[in-house]
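Please view the sequence and structure first.

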Amino acid sequence: MTQSTTSRRRVLKAAGATLGAAAFARAVSPVIDFASEISAGEFFQKHYKELSPEEMAVVLRRLEDETQERYGAEVTIRDIRPRENTQFGYALNLSICIGCRRCAEACHVENNHDRATHQSYIRVLELRQGSIDMEHGDATYEHAVPRAGHFYMPVQCQQCDNPPCVHVCPVEATWKEDDGIVVVDYNWCIGCRYCEAACPYHARRFNWHAPEIPAEEINPDQAYLSNRVRPQGVMEKCTFCLHRTREGRMPACLEACPTGARVFGNLLDPSSEIRWVLANKRVFVLKEELGTRPRFFYFFDE
Amino acid sequence: MPPSEPVATSAAVPLRQPLHLISCASVLLVLSACGEDHGASFRDELGLAADEDGLRAPPSRIHAPPELESLATGQLGPDGEPLRAACVTCHSIPGLAPELELRAEDVGPPHEGIDFQHGPNGCAHCHDPEDRLSLRLADGRSIPMTDAIELCAQCHGPQYRDFRRGSHGGMRGSWDAERGVRERNHCVDCHDAHRPAYPHFTPMPPPADRFAPAGHE
């Protein structure tokens with residue numbers, strides 16, 4: 001056998017190293033794709049609670065630019081803080097709700113939801129009279145309403161005082177604010193969907209893909225913690241329209257309700273409508289036995 | 001609820017001291033003056049007088065529906081808007097429509113075809129036989145058509161109480177009295193006075209996500 005500079009061992013080493021390098025490159029390719037779509041500003045952004053007002057201003061401008069670039073819509077995103085001496089409560093009159101879904105539609109428009117899936121934070125359940133068991137509710141009815149022998153129960157985030165979603169979040173991307181609203185920092189959320197599993201009211205929504213909305217239909221009056229257009233892969237939920245309610249306005253679902261079944265207000269104000277309802281009507285909460293202590297109440301007139 | 005005339009308490013209070021009598025009389029005077037106020041308050045706000053529990057309704061503005069003052073003609077005016085004829089245009093003519101009909105089907109033009117289904121009532125239950133521009137309360141008092149809420153309230157007390165307290169009829173505007181008013185609906189905005197039962201609706205489309213469950217029946 002002639003002497004050769006390459007041995008079997010060297011060939012195998014070289015082949016192994018090449019395959020190894022190729023396998024490594026293939027393995028990390030999703031990270032490369034991810035990193036190429038993300039800006040440095042977004043990658044290094046701190047948690048909402050850690051941002052100084054100046055840093056928040058930079059973040060808001062960046063988000064407005066990104067919305068302009070991706071959707072072609074000029075929007076204003078604000079950071080609206082809770083007011084003092086305010087604790088929000090919401091009540092819904094089951095004797096009056098007819099299940100028309102105007103509330104869900106208003107939410108769909110106000111909060112910049114994906115058009116194709118007709119997404120909304122509110123699901124209106126049609127239930128047979130005699131039981132309020134949510135698990136037997138039908139959210140897909142399409143007949144004229146109200147249907148005899150049935151009643152209608154719109155369900156949205158209950159803004160619980162003891163929220164299971166907040167307890168299970170591994171990264172603290174969701175928390176309860178001082179005025180009672182449970183919020184999500186969409187830029188901090190990692191999309192693990194633990195909160196969606198934990199919520200007993202099916203109130204949480206996940207963005208399987210980025211919302212697709214025509215530019216002219218985008219609601220330009222936005223807030224960081226509520227209705228700005230969310231990216232793919234993050235959780236979201238009803239925020240009691242905090243971009244409206246923290247400015248003193250009614251939530252979009254309440255204004256859209258044609259029968260006046262919804263009552264909203266400040267629980268700390270003794271002359272508010274919500275306080276009167278809680279004191280004078282037959283009021284209950286959903287799944288009370290779970291101890292979530294919702295801020296959303298249901299009541300009957302009789 | 002309109003405050004009822006207060007029962008004369010001075011008879012029950014021992015009249016040993018003239019001061020008692022004077023203070024009771026002055027309270028009665030003030031309360032009876034308030035009782036007259038209600039006719040004018042409906043169009044402006046709900047909060048003029050406090051309810052029995054001492055709470056005032058938050059500042060509100062009640063919509064004034066055009067149906068209470070004018071009739072749709074079905075035509076468009078020169079500005080392209082639907083043309084309406086004011087009730088007073090015809091009903092200021094002396095002798096026009098002298099007798100109030102007993103049944104809705106007997107009403108002649110331009111009011112023919114009234115779809116009437118309001119319990120056992122007839123026209124005269126609500127309309128003033130002497131004046132087509134007025135409504136008549138149960139105690140015989142005549143009120144302008146625009147004060148119709150007071151008429152609805154005298155039979156539909158629970159709904160009116162809920163309306164004052166914000167749990168009937170919906171609202172728009174501000175929940176915070178410091179930053180705005182509530183915009184309230186008039187009864188007639190939602191309920192056709194001749195056929196007040198709330199109509200059926202076609203619901204908006206359901207969610208189209210893949211987890212939409214089929215309900216059990």
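Over all chains, this predicted model holds zero disulfides.

| Cysteine | Nearest cysteine sulfur | Distance | Relative accessible area |
|---|---|---|---|
| A:Cys103 | A:Cys97 | 6.5 Å | 8% |
| A:Cys199 | A:Cys165 | 6.4 Å | 13% |

A disulfide needs sulfur atoms within 2.5 Å. A:Cys103 is in no disulfide, with the sulfur of A:Cys97 6.5 Å away, and A:Cys199 is in no disulfide either, with that of A:Cys165 at 6.4 Å.

Chain A brings 55 residues to the contact and chain B brings 40 residues. About 3,900 Å² is buried between the two chains, and carbon and sulfur atoms give 56% of this area. On the side of chain B, the three residues that supply more than any other three are B:Trp175, B:Phe201 and B:Met204, with 19% of the area that chain B buries against chain A.

Three salt bridges are found across the interface of chain B and chain A. One salt bridge joins the side chains of B:Asp176 and A:Arg83, at 3.8 Å from N to O.

Helix H5 (157-164) and strand E7 (171-173) of chain B each supply at least two residues of the side that touches chain A. E7(B) gives the most, with three residues. By class, this side of chain B has 16 nonpolar, 13 charged and eleven polar residues.

Technical notes. Residues numbered from 1 in each chain as written. Chains lettered and ligands numbered in written order. Predicted model: local features only at pLDDT ≥ 70, side-chain atom pairs only at ≥ 80, totals over all residues. Heavy atoms only, no water. Contact = heavy atoms within 4.5 Å. Buried area = accessible area lost by both parts, 1.4 Å probe. Salt bridge = Lys/Arg side-chain N within 4 Å of Asp/Glu carboxyl O. Helix = DSSP H or I, 4+ residues; strand = E, 2+ residues; numbered from the N terminus. Nonpolar A, V, L, I, M, F, W, Y, C, P; charged D, E, K, R; others polar. Buried < 20%, exposed > 50% of the residue type's maximum accessible area, 1.4 Å probe, protein only.
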